[in-house]
Amino acid sequence: MTPFDNYSASSRTTYTTGNAVKIAAEEVKDKLQEAAAREVGVHKSKVEIHGDKAKILGSDIQELALSELFKNTSPYEQGNWGLMRFSPVEGHGVFCPAPIRSWGHDGLTKRMWNWFQYAAAAVEVAVNEETGQVKLLRVACSADTGNPINPKMVEGQIEGGVMMATSYVTQEEEIYDKNGAIMNTGLSDYRVADVLASPKIENFHSFINPDPLPDGPFGAKGMAESITIPFPPAIAEAIYQAVGVRPTYFPMTAERILKLIKEKKAKEAAAK
């Protein structure tokens, strides 16, 4: 259970929640060290936790199983202390990121956000000059992820970011009538990218570039939407390299690409 806050969702989940969990885990570890130290009769600084064992320094007892630290309590005995059997060891963690600094009169700030994400993308497309349809053939995306705690999940985030960008770059469009009402209010008319819009798995390459964040949990930071930033211009450039037209408007639908192709051919014909 958590108190109300500004939420820990989106790209900052790992950074904010991860730091809070790390702080809570360190409190649990401290309690285990204290219990083990009391059991043996040394200061807790002499105790190290390794897995499910407590390693003791400076004592004839060199190791304890953590399970031995949990005791049965009895109303008929004095000296009931330590960790209670069948009860969890609780730790609490609160993490508040350092405050950002507002822009000055010069439009600059020394700290706009707690961290930044960087990403790069390369794509290969095929363009049908008869219909204007664009097919994504190969994709390579690289992302700065801090220190990736779960590399396979990071790869999934990269792949998800690619498909998210593919969807809004090539298909998603809200169409309004003359009164400003949205006409395509259902998924039958508001098209989103599906599995057919994705390259085959062997042509989908995700690259992780670790750059540990000093104040991130174990050097980690968020990884999500950043991949959608370089991907649209990469698609636009790939279309230009393929058929010589440069789309500058989202979504790059087949109709718009075909219109650009026809305009290009008309200019070429007029120049002859």
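**A tour of salt bridges and a pocket**

Select E27 to begin: with a relative accessibility of 28%, E27 counts as partly exposed. Keep in mind throughout that the model is predicted.

**Stop 1: the partner of E27**

K31 and E27 form a salt bridge, and their closest N and O atoms are 3.6 Å apart. Where do K31 and E27 lie? Both are in helix α1, four residues apart, which is about one turn of the helix. K31 is partly exposed, its relative accessible area being 32%.

**Stop 2: another pair in the helix**

Stay on helix α1, which covers residues 13–40, and select E26 and K22. Their side chains meet in a salt bridge, at 2.8 Å from N to O. E26 and K22 are four residues apart in helix α1, again about one turn. E26 has a relative accessible area of 43% and is partly exposed. K22 is partly exposed with 26%.

**Stop 3: a pair from two parts of the chain**

Leave the helix and select D144 and K221. The side chains of D144 and K221 form a salt bridge of 2.7 Å, N to O. D144 belongs to strand β7 (residues 134–144), while K221 sits in the loop between β8 (204–209) and α3 (231–243), so this pair ties together parts 77 residues apart in sequence. Are D144 and K221 buried or exposed? D144 is buried because its relative accessibility, 8%, is under the 20% cut-off. K221 also has 8% and is buried.

**Stop 4**

Which element gives the largest share of the lining? Strand β7 does, with three residues. D144, from the previous stop, lies in this strand too.

Last, colour the lining by residue type. Ten of the lining residues are nonpolar, seven are polar and six are charged.

Terms used
Residues are numbered from 1 along each chain as its sequence is written. This is a predicted model: local features need pLDDT of at least 70, side-chain atom pairs count only at pLDDT 80 or more; totals for chains, interfaces and linings use all residues. Side-chain values use heavy atoms; hydrogens and water are left out. A salt bridge is a side-chain nitrogen of Lys or Arg within 4 Å of a carboxyl oxygen of Asp or Glu. Helices (H or I, at least four residues) and strands (E, at least two) are DSSP runs, numbered from the N terminus. Buried means under 20% relative accessible area, exposed over 50%, partly exposed in between (1.4 Å probe, protein chains only). Ala, Val, Leu, Ile, Met, Phe, Trp, Tyr, Cys and Pro count as nonpolar, Asp, Glu, Lys and Arg as charged, and the others, Gly among them, as polar.
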